[in-house]
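User: I would like to learn how to read a structure feature by feature, with the general idea set out before the particular case. Could we work through one together?

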Amino acid sequence: MDPKSLRYAESHEWVFLDGDVATIGITKFAVEQLTDLVFIELPAIGRKIQAKEPFGEIESVKAVSDLYCPVAGEVIETNAVVKADATKIADDPFGAGWLIKLRVPAGTTLDHLLTPEQYERQLAEEQH
Amino acid sequence: MSESLLRTPLYAWHAAHGARLVPFGGWEMPVQYTSIVEEHTATRTAAGLFDISHMGRINFVGPDTAAFLDRLLTNNVSTLKPGQIRYSLVCNESGGVLDDVLVYRTPAAGHTDHMLVVNASNRLKIVDWIRTHLTTAEQVEVQDRTTEWGMIAVQGPRALEIVQPLVKAWLDQPPSSGAPPTANAQLDSIDYYHFIGIESCGSWGILSRTGYTGEDGCELVVPVEKVVELWEKTVAAGTPLGLKACGLGARDTLRLEAGMPLYGHELDEQTDPFMAGLDFAVKLAKPDFIGKRALLAAKKACDVQLSRRRVGLELDGKRIAREGFEIFHGDARVGFVTSGTFSPTLAKSIAMAYVQPDVSRPGLTLSVDIRGQRVPARVVKPKFYEAPK
């Protein structure tokens with residue numbers, strides 16, 4: 001997936017919206033900060049999640065972090081590959097390393113999230 | 001806050017090589033350069049290079065040093081031979097552990113001198129403790145050399161081969177003799193927990209066959225102005241053989257696999273050496289030492305029922321049992337985790353913990369509460385990994 005086609009949460013999740021299906025993952029920056037991923041917990045299929053609600057957790061050798069859902073919706077699919085081996089997320093965080101897919105309500109937009117340019121600016125500030 | 005942190009002579013090197021620097025024991029130290037797992041694996045399979053200049057180096061000079069240190073430390077000091085090193089604890093009057101240390105016996109004309117290597121986080125406390133307990137009648141000069149001497153560790157199966165060409169070593173001369181090396185000694189002929197004097201980077205230094213990773217290797221002490229040169233030479237000699245610079249993150253996962261306690265986690269002032277399974281470092285037959293009375297009582301009590309005991313845990317799944325997580329046997333809370341990680345070598349979630357003695361038997365299955373989920377954990381001896389001979 002082209003990072004330019006995504007929207008971002010300040011907590012480093014990305015969203016790609018295609019019709020009523022939102023695909024969610026974490027950014028390359030998040031993966032690089034965490035390093036040494038060991039485990040990811042993802043929600044059950046069918047779970048309804050509110051925007052900004054934690055939907056799982058990701059654990060690295062160093063620490064555990066909550067994952068926050070950038071948009072509301074119902075979980076329709078989780079990525080079995082990364083559930084079996086969390087290190088796979090690092091190989092392709094914007095593509096094969098996606099985490100969950102949600103069915104979102106009609107009329108859902110990503111306007112409340114950061115554009116790629118805004119997210120880049122946030123990263124530049126965080127690195128200082 | 002960061003203004004008050006000390007920096008080792010290698011600080012600029014760490015920063016220039018992408019290290020993430022964090023406060024540790026009063027110092028600004030690299031936690032990792034690339035990945036903890038990569039650095040850990042390099043140490044297990046080839047070699048890892050660690051800046052350990054933050055460790056405290058305290059020198060003792062004078063005719064009464066052995067007697068004084070025998071009073072300060074739980075292990076035997078007077079029986080050390082020149083060039084020998086011993087692990088010991090410093091305990092308070094109640095038998096609680098103030099620090100775990102290495103004591104080096106250096107030869108000197110007509111008497112014995114010593115060096116203590118102490119944990120960075122405890123250095124000032126231990127220096128104070130020494131000054132409080134040293135009497136005017138004892139001829140001991142205490143010199144905190146921490147910021148004058150730097151220290152690096154080279155650990156792993158290829159460590160000695162990497163260091164060998166960088167040092168001139170003499171086995172037959174005492175380290176403080178000042179005589180130039182007559183023959184270059186083979187580093188692998190030094191016994192474990194022994195040290196020798198060396199010449200490296202045009203300067204005096206010492207090299208010990210010690211470490212905190214469970215691997216073969218050595219630790220080197222050189223004057224602070226030579227540390228960067230020695231480090232860079234080690235990087236240059238070792239990189240083609242697979243050596244990687246390692247941060248405190250890998251140092252922690254390596255020592256945890258090797259079953260070595262870390263002060264502030266497995267050891268503190270509320271813990272006595274017997275709880276920690278460090279009985280070998282307490283010599284109750286010594287005439288007297290600080291904490292002996294309390295430790296005698298603790299030993300007697302723990303033969304009957306010790307309050308808690310250090311164990312290893314191997315967990316199901318990949319989640320990490322982190323410090324402070326509670327341990328259960330059935331519904332009863334029986335202990336707590338002191339260190340945990342995902343072991344890169346064993347590809348297992350492992351931890352060290354304190355549990356009640358009645359559930360400390362290897363083979364027993366307990367459970368760890370990981371954020372509300374009870375994860376099965378088997379009790380094992382805390383040594384998870386041993387280097388192949």
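User: How many of the ten residues of α2(B) are buried, and what follows for the helix?

Analyst: As a general idea, an α-helix has 3.6 residues a turn, so residues three or four places apart point the same way. In this predicted model, seven of the ten residues of α2(B) are buried, so the helix is largely enclosed by the rest of the structure. The buried residues are B:Ile36, B:Val37, B:Glu39, B:His40, B:Ala42, B:Thr43 and B:Arg44.

User: Which domains does the assignment give for chain B, and how many residues of domain 1 of chain B are in contact with domain 3 of chain B?

Analyst: The domain assignment of chain B gives domain 1 as 2-54 + 148-257, domain 2 as 56-128 and domain 3 as 308-380. Seven residues of domain 1 of chain B are in contact with seven residues of domain 3 of chain B. On the side of domain 1 that touches domain 3, α2 and α7 of chain B each supply at least two residues, and the largest share, four residues, comes from α2(B). By class, this side of domain 1 of chain B has two nonpolar, three polar and two charged residues. The centres of domain 1 and domain 3 of chain B, taken over C-alpha atoms, are separated by 32 Å.

User: How many residues of chain B are in contact with chain A, and which elements supply them?

Analyst: In general, the size of an interface is often given as the accessible area lost when the parts come together. Here the description is by contacts: eleven residues of chain B are in contact with seven residues of chain A. On the side of chain B that touches chain A, α2 (36-45), α7 (248-257) and β17 (332-343) of chain B each supply at least two residues, and the residues of that side divide into four nonpolar, five polar and two charged.

User: Turning to strands, is β15(B) largely enclosed or left open, and which strands does it join?

Analyst: The general idea is that strands of a sheet pair through backbone hydrogen bonds, either parallel or antiparallel. Six of the seven residues of β15 (residues 309-315) of chain B are buried, so this strand is largely enclosed by the rest of the structure. Seven bridges join β15(B) to the antiparallel strand β18 (residues 348-355) of chain B, where B:Leu315 stands opposite B:Ser349. Four bridges join β15(B) to β20 (residues 373-380) of chain B, again running antiparallel, and B:Gly312 stands opposite B:Val380 in β20(B).

User: Why do β1 and β5 of chain A each have one side without a neighbour in the sheet?

Analyst: The strands of this open sheet of six follow the order β1-β2-β3-β9-β8-β5 (chain A), with antiparallel pairing. β1 (7-8) and β5 (48-49) of chain A stand at the edges, each with a single partner strand, so one side of each is left without a neighbour in the sheet. β1(A) pairs in the antiparallel sense with β2 (residues 13-18) of chain A over two bridges, and A:Val15 in β2(A) is the bridge partner of A:Arg7.

User: Finally, how does the radius of gyration of chain B agree with that of a compact globule?

Analyst: With 389 residues, a compact globule would have a radius of gyration near 21 Å, and chain B has 21 Å, which agrees. The C-alpha trace of chain B spans about 65 × 55 × 45 Å along its principal axes, and 48% of the 389 residues count as buried.

Technical notes:
Residues numbered from 1 in each chain as written. Chains lettered and ligands numbered in written order. Predicted model: local features only at pLDDT ≥ 70, side-chain atom pairs only at ≥ 80, totals over all residues. Rg over C-alpha atoms; globule rule 2.2 N^0.38 Å. Buried ≥ 20, exposed ≤ 12 C-beta atoms within 10 Å, placed from the backbone. Contact = placed C-beta atoms within 7 Å. Nonpolar A, V, L, I, M, F, W, Y, C, P; charged D, E, K, R; others polar. Pairing = 2+ DSSP bridges. Domains from an automatic or database assignment.
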